[in-house]
Each structure stands twice: as structure tokens, then as C-alpha cells.
Amino acid sequence: MKSREQYQRLTHSLHWDPTYVGDDAYIPEEWRTACTMPDWKKFNDPFQILFEDYVRIQAEKEDKFHAVRDAGARFGHIGRVDPRWVEAMKSFNTALTYSEYYNYRGHVRVARFAPAPAIRIASMVQAMDERRHAEEAIYQAKDYVKHHESGFLLPKDRITFFERHWYFQGDRSFFEDLITTDPIEAIIGTNLVFETAFTNLLFIAAPAAGVANGDFGFGQAHLTIQSDETRHMALGQSVARAMLQFGDDNLSLIQDWMDKWFWRCHRLLLAVVSPVLDYFPKKKPISYKEAFRRYVLEDFIEGYVSELSQFGLQPPRHLAQALEEVEHGSHTIWRSLYTTRDQLWFDVHQPTDDDLAWLHAKYPAFGESHAGFWRAAADGAVVDADTLPMVCDLCKFPCTFPHPARANAFPVDYEGQRYWFCSEGCQWIFERESAKYVRTSEPSALLLADKDPSWVAQFLNIAPDGTPLGGTHAPDGYFPAMPVPATI
Amino acid sequence: MLIYSRILGEAAPEAFVLADDDPTVSDLLNHIGAARSAQGRLLELDLPDVLGTAKLADLGIADGDLIDIRAVGEPHPDTGVSAKPDIDVDAIRVPPDGARRLNEYEEATRLLQWHAPYHIDGDRPAHQVWTDDSTALRCTDWEAYRSPDKLYYRTYTTRQSRAGRSVATAFDFTAADSQLATVAPERVEMLREALGPLQYPDWGLCVTHQHTTRFALSSWIAGATSFMMFDELRHAQLYGRLALAYGEHHDGFDDPGPAWMAAPQFQPTRRIVEEIMATLDWGKAIILADIVFEPLHTAAAHSLLTSGALAAGDSLTPFVCRSIEDDKIRHRESASAFLRLVAGDERHGERNRELISGWAADLMPRAYAASVALAGATTASAAAVSEALTWVQAQLAEAEIGLPAIASAVEEVSA
């Protein structure tokens, strides 16, 4: 028997069609994909791996990752990481931990409900990868906390912050959406769009910045994560291709899902990764705009999506808006973070002269649209937020894009309520599937309007003298033991 | 009344809440003018000929609307110190409790699953993130679960990589001297019928734990079930590899599917596995799969595969079964810990025990009968299945879950 046949025998052929309980009980319609294939069993995953090979390879990767950690601890590398990069990790690490953890829980769902045996096997292996990535982020957090005590979120704070702090609600909303999708949509959203198009920003561009600023552990962790991602990308690409080859019904679904997740990924990565490339690091090897154009526009859109145009697939419908936002996005995000820095547990600094020169050089629109804000701040103007922003009812980020002076806000009336969106992309996503995105709590301003001011201050992490209280300074029980709206 | 406003060409929309249910333009502009973004300037609505006394409602401005504002005059940026609320920080802080240092299993597993309220909270079940209703079992604290094996990804892959090397060596040795070519014909005949189909029940358990891992209500439980899930893939592949190894020397090991779907000795097992796979209650699925079904099934399957193996010239199969058994023992311990958690819950334990008693009463006699049908009526298989049954009964008894009805039903099936 040839090895491909052996692989099929040991993986895809494990599946059988139940007869005692029937299809409706085994995979109820509620959980099935809307995609169609003449014979799902003929789909073949491209990156075939058996259990025994998987654990052997992954155990070796783990050994290498921990060897770098150990060396970093022994020779004190992590203690010499540039302080500004450490601040980046205070924000980034928790977001990464929960993002990976979601993917782990989300992909076992794909494994359970996907119709093709090959997708089920590959998704289960991917779920284990994602669990690994979450654990590696936890180890990194442990190392950071050990060497940079001030301001890092300890685990007991980490979950509370992720659940309740406004900073994480965009991240949380993204993954709650992704964990509750059609199983093939989850593949398109995660494997095709997020991992093929966007994780190069996370796991190649960001580690380059980390290493440039002395964080070798971060570089090693993310490069080893990216080695898993290549498997995931291959699955996403082969699923998309297979779906597109079988009829127009699939084309409209795949197109819509790619359009949706392209916009959601753009919005999330802009918020989480762009400051990590453009503002936090002292040494900046690549700008967010450059990374976006290289990995998302050139590699994904002009490469992969273009190649699939033979099946009718078009570039994402809001690509032009994304490209426009990338000109301003990191600056808009950093300004927002600066004005709310009292509510954050990491330091948000004013750009230095070197930073400003780099920003002017990399972003031609920076001078006209953003430099004035920093000149005013440098001259002593108080720019701290004293109001609450309008928050997008889809992505949960403030309606402040492409930049504050030209912020978009799009209304939709649905079932007697007015919803606001930060972009045409978010509005389009809402209108496609409004019932899924119905508001689950009142807008922040209404929730806070009736609250005791001390409760609000406590929630927003502000001490009486205006200094932030977050990170390792946040004690057990710091957040009130009461139902807290997630969108504050 | 909630109004969003933005100063044209300057600031992103801000939220203002007006206490008056029927506010005027002046009420609104007073609020907006006090905000830092106004920079001390005179403000006007971006509408023609509007008086300050006009009601917002009369202008068509409703709750939740966004209005555009024009600022008139020179801006005066705020350079004063921000006012901060007066709270007693020390009063809200809780001193450290001096808890013990956590081990790596705890560090890598705890506090990873977030809780309601969720942003996505379901117009239908598939649109729910995590929900208490995903199992009929109730627990005061799902976060209290701990898996006795204390495995996390790093230790799991290390452990299973070692186990894989060991098993691979056994396969290599067996292949090197063509051991399976000389296995006694009666054993080959038995394995031709039984070996390949045994990959399916473990794959069924794998599918079951895909579901339990997705919906379990704490990261501790999902951590344990995900390793059960992945182990079951390992077992299904090991049974398959054994069949492939036999197929190198003997005919009839190519396609186990027809026997699994039709051979009488597998049908009771297949029915149960399909029922467990289709159990959408994740807590119930853990109990059915790993407390009741798996111990009985594995005892029967391994009795079938290993009895007389060495005497017939097959040392490989018992070695592989032993490696699988190592995993199964861990699974049973993890499932027992889950059983103790829900059965011993102070608030919900009694109800949980009633539920589990009912589930076990339904499944246990059938699982027992299926294992007997699978293993055949040999002395060795009867002893193995009986031992497994004793273990199952002991777990339920220790959890104070009613046994008499179950025991008598099993006796009836046995008879």
C-alpha cells in the first residue's frame, strides 16, 4: 500500500456515516455548513500528518522554544529588552493568549461539525497547535512578569481584564463571532483570511521588531508558531479552492465570508498590531503600512486571491477602505490610547523626535492629520479623554476611523433600535446577519450614566490622583463582583 | 437620552447622556461645550436657524442620534489638571492570601475561558459562545476541576512522543523479521474479522471529545478532554496500523468498513458509539464515553486482541494494546475526577447524581452486552469484562450514584 493510501486509511477512512442515529442527530442542521460538495469524502487535506509524526515534531519544537527561554533567563536577555518593547508586550501578550485559546476551542468545533473527514482531522490537529500557541504566550507572560514586574497582567487579572476592560472588547468580539460561525466559514475566516493574509503581520513582522529591540524569546516563539501556521494556511487555501471549484452557490458564500473576515481582521490587526510596529518599539524594522502592503496586499490579494479569480473570486469588497485606513490607522489608535492612558496598564508615550521623523518619513499623511495633536500635547495641552466615544456596534472599537477629524459613523435601524458602525465594512457585516449581532448590553455611556462615580473610576482603573492602577497593582477582588457589561 | 455629537473636522463622535427626557438645544450644547473637545468655544448645531430653546424632538433628533456641531471662535486648549473621582483605593484592595505557588499544569491551564456576558449571545444555539444549558449537569464551580494526570501541551507531546518512539520500534522489529507472516492461521483469521473495525469505536470517542472540548465550561475540563480526543485518534490509528502490518503478509485486512457496518458482533457497539457521538450534552458525553462505555469496550477489545497472541507468534499486538491501555487509564482517572466534581457538588450534587444514575442505567447494561458480544464467550474475555464492570460500578458507588437497578439490569443482560 502506498503512503497516501495508508494516510487515507488511518485518517479519512476512520469516518463512517452513522445509521443508528441518522445524520440529523449526528450533525443537526443547526450546526451544518451551508456549502455544498458533490462528495465531501473526496476532499483531501494538503498537509497530511499522522498522530505519531505530529507529537514527535511538536515535542522537538517545544524543546527548542524552551531552550531559548532557558537561555534568555540564564543570560539575562529578557531583562535587557528595551523598555518600550516591554510595554508593547504588556498589551499584546494577553490579546495573543486569548486569541490562540479561542482558536483552540473554535477548531474542535470545526472538527466536530465539518462535513469532510479530511477537514475534521486537519482541524483537530490545528486545534492542538492553537493550544500550544496559547501555552507559549502564557510562558512568555511568566517570563516577562518575572523580569519586569511593574504593570504586567498576572493571570488572575488577565482573565478579568479580558472579560471586562474596554481595551479587549474588540478582540473578544472578533473571536466570539469566529467561534460561532458555519464550520466552513470558520476555515475561511481563520485559515484563509486571518492566517494566510494577516498572521505574517503577527508572526513575522512583529517578531522582527521584537528581536530588533532585544526580545529574542518573542522572536523564537512567534517563528515556531508560524511553522504551525503554514499547515493551517495550506488547509484554508485548499478548502477555498475546493469550494470554488464546485459551483456558483459556494462562490457567493466564500466571497461573502472572505469579505467579512478580511474587514474584521483588518480592524483587529490595525488596533492590536499596528502600535506594536509603529509606536511601541524604539527600533522599527518595518512600518505597519509596509507590512500590510507586503503580506496582505501583495502576497494575499495580488497573489493568492488573484490566482483564484479564475473561479470568480474577487478581491475583498472593502479593500480600498482598508488601504485608506492603513495610512492613518496606527496613528489614530495611538492617539486614542494616549488620551485614555490613565485607564491602561501599559505606558503610552508621546512620540520622541526620532519617532516623529520616522512617522513623517513612512506616512506622508502623518504631518497634516496627526502631527498637530502631538505638538499640542508637547506644548502642554491636556488631551485626556473626558467623554466616552461612540463605539461601533459590530467591531466594538471606537468610531474614530480613518482618523478623528474625519471619523465615519454609519447608522442602521434594526428592530426599533439604532445601531452605529465605524465603517461601511462593519455596517455591511451587520446587515448580512443582523440577528447575530444584536446588542447584548446598553451602550457604555448609558450604563455608566447611573453608576456611582467611584464605581466608574474603579472600573476604568483610575486612582484618585489620576495614576493608573492596572497590571500587577490590581489586587484580587479589584473588579467588583457584580455583573459588568462587556462593552464598557 | 443618549446623543452622540462630533465637532466637524476635529473630533470623533462622543457620547452624551442628558437627564431630561425632552431636552432643548441649549441643554445639549451645555453638555457638549463642557467637554474638553470643545476647547472653550461657542458651539452651534450644524443646522440652519435653530434656537437654543428648541426641543431636540421638534428638530427630529431622537435618542441615539448623531449630530454635527460647529465650533465658533479661537480654541483654548485645556492645560489644567484633569479632575479625578474621589475613591478610597485601599478600601477596594484585597490583600494577598499567601496562596501556594502554582505548578506548571495550573499555570498553563487556568483562567483561560472567559465568561458571560458575551457580545455574541445567540439568536440560535450555534450562535452561543458558552452556555450553562450545554449540559444538564450543574456545578457550583466548573473551574474547580483538576485532571489527575496534570498534563499540558508540553508534557503531553513529550509523553506521547516517547510512547510513539516505543511503539514505532516495536513495529520496526516486527517488520524486520517478518514476525506477522508466521502468526498462527487461526489467529490471523480472527484478526481479519476483528482488528480493522476496532479503529472505529475509538474514532467515535475522538469525535465525542471534539464536542466536549468545544463546549466544556472551564479550561480545566477542556484541557483534559482535548488530550482524550487526541489520544483516541492515536488509538484509532494504532489499530489501523496493526491491520496494515498484518495486511503486508495476509489478505483480507484492506477494508474494515463493511464488517464494522454489518458484522453482528460489532452492531451493539456501533449503536452505542453512534449514540454517544450524537450526544450534544457535553457533560453527559463524558460520563457515557469514559465512565461507562470505554472501560467495558476496551476490556473486551483488548481481551480479544491479546488472548493467546504470544503463543500464536504475535508479540506486537499486546505491546500496542498495552500502550493504548496506558492512555485509557489516564482517561478513566480524568473522567472519574469529573464524576466526583459533579456528583459531589454541594448545591447540585443530588440532582446530578439522579441524572447520571438514569444515564448509566440506560447505557451500562447495553454497553456490557456489547462488550460481551464483541469479545465472545471465552473465560479470558469474561474475566476482563467483569473486571472492567467492577471498576465502573466502583466509580458510581463511590460517587453515591444508585447502583441496584443497574446491577440487576446487567445481570439480566448477562443471563
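A: Let's begin where the chains meet: strand β1 of chain A, residues 388-389, pairs with strand β2 of chain B, residues 14-17, in the antiparallel sense over two bridges. In this pairing A:P389 stands opposite B:E14. Please keep in mind that this is a predicted model.

Now follow β2(B) to its other partner. Strand β1 of chain B, residues 2-7, pairs with β2(B), again in the antiparallel sense, over four bridges. Here B:I3 is the residue that stands opposite B:F16.

Put together, these strands belong to an open sheet of five strands, in the order β1(A)-β2(B)-β1(B)-β4(B)-β3(B), and the pairing across the sheet is mixed. At the edges stand β1 of chain A and β3 of chain B (42-45); each has a single partner strand, so one side of each is left without a neighbour in the sheet.

Helix α1 of chain B, residues 25-33, lies across β1, β2, β3 and β4 (66-72) of chain B, and runs at about 135° to β3(B). The loop between α1 and β3 of chain B holds B:Q39. The phi of B:Q39 is near 50°, a positive value in a residue other than glycine. B:Q39 counts as partly exposed, because it has 19 C-beta neighbours inside 10 Å, and 20 or more would be needed to call a residue buried.

A second residue of this kind sits elsewhere in chain B. B:L111 has a phi near 50°, also a positive value in a residue other than glycine, and its place is the loop between α3 and α4 of chain B. With 21 C-beta neighbours inside 10 Å, B:L111 counts as buried. The loop between α3 (104-109) and α4 (153-176) also contains B:P117. The peptide bond from B:A116 to B:P117 is cis, with omega near 5°.

The loop between β1 and β2 of chain A includes A:P402, and the peptide bond from A:F401 to A:P402 is cis, with omega near 0°.

Let's step back to the whole contact between the chains. It takes 84 residues from chain B and 93 residues from chain A. On the chain B side, helix α7 (residues 219-247) gives the largest share, eleven residues. By class, that side has 41 nonpolar, 22 polar and 21 charged residues.

Finally, here is each chain as a whole. Chain A has 20 helices and three strands. Its radius of gyration is 23 Å, which agrees with the value near 23 Å that a compact globule of 488 residues would have. Along its principal axes the C-alpha trace of chain A spans about 75 × 60 × 50 Å, and buried residues make up 56% of the chain.

Chain B comes to 14 helices and four strands. Its radius of gyration is 33 Å, well over the 22 Å that the globule rule gives for 415 residues, so chain B is more spread out than a compact globule. Its C-alpha atoms fill a box of roughly 100 × 50 × 50 Å along the principal axes. Of the residues of chain B, 48% count as buried.

A word on confidence for chain A: the average pLDDT is 89, and 91% of the residues score at least 70. Residues 470-488 of chain A, however, stay under 50.

Definitions and conventions:
Residues are numbered from 1 along each chain as its sequence is written. Chains are lettered from A and ligands numbered from 1 in the order in which they are written. This is a predicted model: local features need pLDDT of at least 70, side-chain atom pairs count only at pLDDT 80 or more; totals for chains, interfaces and linings use all residues. Two residues are in contact if their C-beta atoms, placed from the backbone, lie within 7 Å. Ala, Val, Leu, Ile, Met, Phe, Trp, Tyr, Cys and Pro count as nonpolar, Asp, Glu, Lys and Arg as charged, and the others, Gly among them, as polar. Two strands pair if DSSP finds at least two bridges between them. pLDDT is the predictor's confidence in each residue, from 0 to 100. Axes are lines fitted to C-alpha atoms, for helices over the stretch in contact, and angles run from 0 to 180 degrees between N-to-C directions. The radius of gyration is taken over C-alpha atoms; the globule rule is 2.2 Å times the number of residues to the power 0.38. A residue is buried if 20 or more other C-beta atoms lie within 10 Å of its own, exposed if 12 or fewer, and partly exposed in between; C-beta atoms are placed from the backbone.
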